[in-house]
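Hi,

Here is the structure I promised to pass on to you. Have a look at it first, and then read on for my notes on what turned up.

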Amino acid sequence: MNTPEPHDIPSLDKSKQLATFALIIAVLCWISLMVTVKILPEYAWLIHILMLSAEAGVVGGLADWYAITVLFRNPFGKLPLPKLLRDHTEIIPRNKARIAVSMGRFVQENFLSPTIVQQSLAKTDVSLAVGNWLNNADNSQKIVGFVQQGVPKIFEFVGEHQISQFIQDNSVQWVKNTDINRLASEMLRAVLDNDFHQEVLQRGLDMAHQWVKTHPEQTYRITQRLFDELGVGRLAKGATFIGIDVQQRTINAFISKVEQALENPDHPYREGIEQAARHLMLQLTDDESAASIRLNDTKNALLDSHQLLNFIGTSVAILCDAIKNDLQQEHSGIAANLHAVIMQLGQNIQNNAAVREVFNQSISDLATQLSADYSDKIIAFISERIHEWDSREMIDKIESEVGGDLHMIRVNGVVVGAFIGLVLGVVRALFEHWV
């Protein structure tokens, strides 16, 4: 079924005028025929047929007028009516609460129930549609344009002194009130359980080994300074007089140990680091442990440092200004990179069926869960809003939407009634003639 365009919907005022005009024509025809039958009695049989048609048209028009009117209001005003008639006027205003509940139930059963949502999403590759949309240059440019317009305004708002101070004060207070030892413990657990630390340690040892091997002079000077700091510098220099280069031996020993650790995944140094990390992880799970107290005290001491907070605030402000200034340029580097990233993301989604399947399943599960959790609240909100509508406002709204078609029924009532009356008049005339 094609949805009618706005200009295809009959105008309410025009429909009312046409219906009233049709009813007046039927009444005038009926009166004229009653007069004509007195003037031309020899054609009474034909005039009675036409009169019956006009009468039926008047009855049909009045009956439809009454049926449509009682939907919205009481056509009798304050006239005393039998209860049977009075209870069946103003049908829509009287049943507003029931209509509200029925509309809410209709929306829930046909649009928001978990089963309907799940079935609808199962028929649609949502992630593919998203990928196609993102991979369109015009669409990705719309997102970039929104970012270019919105982000600077957000930065300007956040950059206001009162707002930035408010955010800083509340953020600092929130971090102060949060014990981060358990968070740190969980982060350590994730690193250790997934062996991320081994990769980091491997790369760290490899970088240290490479640097020491390629920078012997700097390494020697660092070792000398370390010996001086430890108070054994003179002893090391004295050993060189008897042919023992303590510093170089220390460097060689360090390189040897690093090479051993690099070659052996089970090296005691590696195991020692992991054991120390797991011991720290367990300590951080206890809020009263020395490690937890020391970590939280260090956090609070840093937050109490005005120099640190000023440094962070200044750094963030500089970064935000740099991003804002770039986005406001005609040829923004950030915008160009973002545009490329968005299109690449859309293309990757299009080409990866496995990822799309995971996305679709996640979207379906999320939408189904949201429908199960919030559909009742949404329906209750819709019902409450309809129930709160002013009756006059609701009637005007419904009439403005469907009143044009309803009043065209009045025209049909006149026409159809007149046609039926004409047929009945012909049947009666034939019956009287033959019988």
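Let me start with the charged side chains: Arg-278 and Glu-274 meet in a salt bridge, with N and O 3.4 Å apart. Please keep in mind that this is a predicted model. Both residues sit in helix α15, and because they are 4 residues apart there, about one helical turn separates them. Arg-278 itself is partly exposed, at 29% relative accessibility.

Arg-278 has a further partner, Asp-193, with an N to O distance of 3.7 Å. This pair ties together distant parts of the chain: Arg-278 belongs to helix α15 (residues 268-284) and Asp-193 to helix α10, 85 residues apart. Through shared partners, the salt bridges join Asp-193, Glu-274 and Arg-278 into one network.

Helix α10 (residues 181-193) also holds a pair of its own, with Glu-186 and Arg-189 3 residues apart, about one helical turn. These two form a salt bridge as well, and their closest N and O atoms are 3.8 Å apart; the cut-off is 4 Å. Glu-186 is partly exposed at 46% relative accessible area, and Arg-189 is partly exposed at 31%. The count for the model comes to 6 salt bridges.

Helix α6 (residues 114-122) packs with helix α19 (residues 353-388) at an angle of about 160°, and their axes are 8 Å apart. The two are therefore roughly antiparallel, since angles over 145 degrees fall in that class. The crossing of α6 past α19 is right-handed. On the α6 side, Pro-114, Val-117, Gln-118 and Leu-121 make the contact, and they meet α19 residues including Ile-363, Ala-367 and Ser-371. Sorted by class, this contact has 6 nonpolar, 4 polar and no charged residues.

His-209 lies in helix α11 (residues 196-214). With a relative accessibility of 14%, His-209 counts as buried, because the limit for that class is under 20%. Leaving aside residues up to four places away in sequence, His-209 touches Ile-255, Val-258, Glu-259 and Leu-262.

Val-246 is in helix α14 (residues 246-263), and its relative accessible area of 26% makes it partly exposed. Val-246 and Met-187 are 59 residues apart in sequence, and their C-alpha atoms are 41 Å apart in space.

Happy to talk any of this through.

Best wishes

Notes
Residues are numbered from 1 along each chain as its sequence is written. This is a predicted model: local features need pLDDT of at least 70, side-chain atom pairs count only at pLDDT 80 or more; totals for chains, interfaces and linings use all residues. Side-chain values use heavy atoms; hydrogens and water are left out. Buried means under 20% relative accessible area, exposed over 50%, partly exposed in between (1.4 Å probe, protein chains only). Contact means heavy atoms within 4.5 Å. Axes are lines fitted to C-alpha atoms, for helices over the stretch in contact, and angles run from 0 to 180 degrees between N-to-C directions. Angles under 35 degrees count as roughly parallel, over 145 as roughly antiparallel, 65 to 115 as roughly perpendicular and the rest as oblique. A crossing is left-handed if the near helix is turned anticlockwise from the far one by less than a right angle, and right-handed if clockwise. Ala, Val, Leu, Ile, Met, Phe, Trp, Tyr, Cys and Pro count as nonpolar, Asp, Glu, Lys and Arg as charged, and the others, Gly among them, as polar.
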